[in-house]
Amino acid sequence: MTPGGRVAGILLAAGAGSRFGAPKALVEFGGERLVDRGVRLLRDGGCDPVIVVLGAAAADVAGATAVYNPDWAGGMGSSLCAGLEAAPASAEAVVIALVDQPLITAEAVRRLAAAFEAGASVAVSTYGGAPRNPVLIARAHFAEVARMAAGDVGARPFLRAHPDLVTPVPCDDVGDPADIDVPADLRSLDGR
């Protein structure tokens with residue numbers, strides 16, 4: 001657990017899953033809904049509180065604060081903004097995770113929080129050297145991240161505009177960033 005709840009978690013889970021054919025938040029993987037798995041990822045990684053941004057599907061989610069994004073159909077950018085807005089004043093940073101990456105582990109979240117504790121204001125998990133999710137953003141950057149988030153992109157425009165701020169955090173040994181976009185992806189990840 002991070003000291004004093006300094007790092008909150010935001011799980012982006014509002015999409016309709018149009019390519020998948022159903023809202024991915026409610027899809028089961030390994031006997032658990034992806035939304036519950038994502039909340040557990042952030043909680044086990046030390047985030048407190050955990051905020052789940054929902055939209056296309058309503059869900060009761062234990063261990064998290066659910067936030068409804070009325071503009072969810074506009075894309076991930078509005079969901080990220082809703083999550084940042086819901087972060088409590090006590091949160092000095094947030095770890096942002098996506099609901100459709102079930103093989104990310106709590107250790108990746110802990111590594112991002114450790115980078116923040118060591119002074120990073122932006123930390124991005126990397127796999128094979130490539131930046132992926134989850135991502136940690138310090139409160140000092142919330143407004144600019146929200147301003148730049150639009151359509152179906154979240155923090156990416158901010159990260160690309162400020163490479164000097166980004167601390168890469170290698171996570172190859174503690175998970176896999178594979179995501180679930182279509183039903184075949186779910187089948188290929190099942191059992192991994």
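**Salt bridges and their surroundings**

Tutor: Asp181 has a relative accessibility of 18% and therefore counts as buried, the cut-off being under 20%. The model is a predicted one. The partner of Asp181 is Lys24: their side chains meet in a salt bridge, with N to O at 3.4 Å. Lys24 belongs to the loop between E1 and E2, and Asp181 to the loop between E9 and helix H6 (183-189), so the pair ties together parts that are 157 residues apart in sequence. Lys24 is buried as well, with a relative accessible area of 13%. Both residues belong to a network of salt bridges that links Arg19, Lys24, Asp100 and Asp181. In total, the structure holds 11 salt bridges.

Two further salt bridges share Arg111. One joins the side chains of Glu107 and Arg111, at 3.3 Å from N to O. These two residues both lie in helix H3, four residues apart, about one turn of the helix. An α-helix has 3.6 residues a turn, so residues three or four places apart point the same way. Glu107 is partly exposed at 28% relative accessibility, and Arg111 is partly exposed at 22%. The other salt bridge runs from Arg111 to Asp173, where the closest N and O atoms are 2.7 Å apart. Asp173 sits in the loop between E9 and H6 while Arg111 is in helix H3, so this pair ties together parts that are 62 residues apart in sequence. Asp173 counts as exposed, at 60% relative accessibility.

Helix H3 leads on to the sheet. It lies across E1, E6, E7, strand E8 (130-138) and E9, and runs at about 50° to E8. The sheet is open and consists of seven strands in the order E5-E4-E1-E6-E8-E7-E9, with mixed pairing. Its edge strands are E5 (65-68) and E9 (166-170), each of which pairs on one side only. From one strand to the next, the twist averages 25°. E9 pairs with strand E7 (residues 122-127) in the parallel sense over five bridges, and Pro168 in E9 is the bridge partner of Val124.

The buried residues of H1 are Leu34, Val35, Gly38, Val39, Leu41 and Leu42. They span an arc of only 155° around the axis, which puts them on the same side of H1. The elements covering them include helix H3 (106-117), strand E1 (7-12) and strand E6 (93-98).

Conventions: Residues are numbered from 1 along each chain as its sequence is written. This is a predicted model: local features need pLDDT of at least 70, side-chain atom pairs count only at pLDDT 80 or more; totals for chains, interfaces and linings use all residues. Side-chain values use heavy atoms; hydrogens and water are left out. Buried means under 20% relative accessible area, exposed over 50%, partly exposed in between (1.4 Å probe, protein chains only). The arc is that of the directions from the helix axis to the C-beta atoms. Contact means heavy atoms within 4.5 Å. Two strands pair if DSSP finds at least two bridges between them. Axes are lines fitted to C-alpha atoms, for helices over the stretch in contact, and angles run from 0 to 180 degrees between N-to-C directions. A salt bridge is a side-chain nitrogen of Lys or Arg within 4 Å of a carboxyl oxygen of Asp or Glu.
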